[in-house]
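Student: I would like to go through this structure and ask what stands behind each label.
Tutor: Then let us take the labels one at a time.

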Amino acid sequence: MTRILVADDSETVLLMLQRRLEMGGYEVLTATDGQEVLDEIGACEDVPDLILLDAMMPRVSGVEALRRLREQGCEIPIVMISAHLDAQEPERMKALGADETVPKPFDWDDLIGRIEELV
Amino acid sequence: MRFNPSLTARLRIGFVVLFALLLAVSLLGVGRLFQIRVDFEDETTRYFQLELEAERLRSGFILEQAAVRPPARAARPSASELSQAADGFADAGARADELTGDDTDLATALERVIETEEAWREAVASPLLRGQTPAGRVQARLTMAVTSSVEQLASATADAREAVRGDARDDTRNTTVLVIIGLVGALLAALILFSGLINSMRAPLARLVDGARRLAGGDLETRVEVGGPVEISALGKAFNEMASELERDARERDRIERMKDDFVLTVSHELRTPVTVVKGFAEMLTAQRRSLNTRQYEAAEVIADSAGQLQKMINDLLDLARSDAGKLRIEPGPTSVRSLAQRVGRQMRPNFDEKDQKLTVSVEKDLPDVRADPDRIGQVLSNLLTNANKYAPEGARVRLTATRNGNAVEFAVSDNGPGLAGEELEHVFERFWRAQSGEAQEIGGTGLGLAIAKSLVELHGGEISAESELGSGATFRFTLPIARDGRPAKGTQKTTRKPGATKSGTTQKASR
């Protein structure tokens, strides 16, 4: 079963994403900040198939987590969710190593479409 | 502080100086002319009197001659008659002496008269009285000397009188010229004074005019240099105070405006998370239709729809707030008009099918690429089509066209729905404005779609406008600049006839 790690600091958003992804047949792991994501991935062995990462989170942000994961050479597909989406943001995320960036609030069909393309 | 009299003081000083100068010149001139006249009369009178005395001297001498040589044959020279005549002569001489004054020529002439008369009396009268008869030659010479000296005195006096007349005429003329020069001088002085006054006002007034124009042009930081007479300086100071006040007001307004923008930005941002969650779960429920009963399913569907609307409204508000704060960014690039129009048409088609409406998308052949952010212009087109879809009745026809118009491509969305009245057209691009007429009020929407469309089109450097006629549909047009690095247009250019043609007369146009 495809495993997805979802990270969002809002518990309700996290729960919603988890339930919907589960309905779509994915196995879901959750994290509430970047540090938890980094702890979960560890040395990049036995990793989930995809990470859904909110860009803005307390302690270690999604952007920071993305940067560190790519720094240590982890090539797992990562989809960023960004609330402050301006025209340049997808480019910046891409430069940091994100595979996709979706705006928040997201259109579910759009999000699931992008996820399906990556796994 | 340097001497800076007020405008009224300057005017008063000017008038007083001018008046004093004119008065002085006039009084001096008139006085002088009067004096010349008086002197002339005095002198003339004196010379007339002197001439009269010369006549008396002449007649006195004749009487003297008659006394010593009576015309009657029988008569004898009379000493008493001679002495009487000589007294008359001496009286006339004495009076004449007084009248000669300090005129040496006349005094000398008079002296000669006295001397010659004395010589005549000694050499002619005295011998005759004694009965002797002096030589005829001597008699004639001495008599002649007296007569001619008297003549000379008379003629010298007459000459002097003439000279006085000439002098008086010259003096009068010179004085008149001087008075005229004086008056002209006074007027010139006044002119210089007043032009100085005007000059002292001109520069500060020009600065004020300039400042007022700059202020009117929106330069609220403008201040004028204060100067000139007290009143003008006061005006300058008042102007600067006014400008400061305006600037303060404008800054305060800007600050409040920014606070409002920040507020909207923050609020809509904070609203997005819960709306996302509500929408997500509601959609999840509607996806599990089989495990819900009809009412539960209906409720879930309503929640999902409403959350969707809320989400759209929040996104719209956020876009407008960003646009106000200058943070709405677009990423324009060469964009194919055809694929953009077709993509939006495809996305919107289900909405039209639902109302049994016919949507036609027609793009002019060989249109060049436009410089646009495809997502954002897609949003504009979809906002315009959504309006047409909502306001036009079932079975209506809606057209989306794209044509070349000079250096731009013009997009037009037209419908044959109820249209808008002229006064409504003026407001269609305002926020939260909704069509007022009858059925239109029952149609949902935020009233933000067109405001956003306008912001986005203007951000692209285009223009948006609306035209409509009540009862025969509405057309919304906007232009986008042609991309310079895009695919160039091939072949001949089609006519730029505007589709959804304007009917003459009552057609109204609103554009900004």
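Tutor: Contact means heavy atoms within 4.5 Å. By that rule, the contact takes 18 residues from chain B and 20 residues from chain A. This is a predicted model, in which local features need pLDDT of at least 70, side-chain atom pairs count only at pLDDT 80 or more, and totals for chains, interfaces and linings use all residues. Residues are numbered from 1 along each chain as its sequence is written, chains are lettered from A and ligands numbered from 1 in the order in which they are written, and side-chain values use heavy atoms, with hydrogens and water left out.

Student: What area do chain B and chain A bury between them?
Tutor: About 1600 Å², with 61% of it on carbon and sulfur atoms. Buried area is the accessible area (1.4 Å probe) that two parts lose on being put together, summed over both.

Student: What makes B:Glu283 and A:Arg20 a salt bridge?
Tutor: The term asks for a side-chain nitrogen of Lys or Arg within 4 Å of a carboxyl oxygen of Asp or Glu. The N to O distance of B:Glu283 and A:Arg20 is 2.7 Å, so the pair qualifies. The rule finds one salt bridge across the interface of chain B and chain A.

Student: Which helix of chain B gives the most to the side that touches chain A?
Tutor: Helix 5 of chain B, with 11 residues. Helices here are DSSP runs (H or I, at least four residues), as strands are (E, at least two), and both are numbered from the N terminus.

Student: Why is B:Glu53 called buried?
Tutor: Buried means under 20% relative accessible area, exposed over 50%, and partly exposed in between (1.4 Å probe, protein chains only). B:Glu53 has 4% relative accessibility, so B:Glu53 counts as buried. A salt bridge joins B:Glu53 to B:Arg95, with the closest N and O atoms 3.3 Å apart. B:Glu53 is in helix 1 (residues 7–68) and B:Arg95 in helix 2 (residues 79–100) of chain B, 42 residues apart. B:Arg95 is partly exposed, because its relative accessible area is 36%.

Student: What makes A:Cys44 and A:Cys74 a disulfide?
Tutor: A disulfide is a pair of cysteine sulfur atoms within 2.5 Å. The S to S distance of A:Cys44 and A:Cys74 is 1.9 Å, so the pair meets the rule. The structure holds one disulfide over all chains. A:Cys44 lies in the loop between helix 2 (34–41) and strand 3 (50–54) of chain A, and A:Cys74 in the loop between helix 3 (62–71) and strand 4 (78–82), so the pair ties together parts 30 residues apart in sequence.

Student: Is A:Cys74 called buried or partly exposed, and why?
Tutor: A:Cys74 is buried, because its relative accessibility is 1%. A:Cys44, at 25%, counts as partly exposed.
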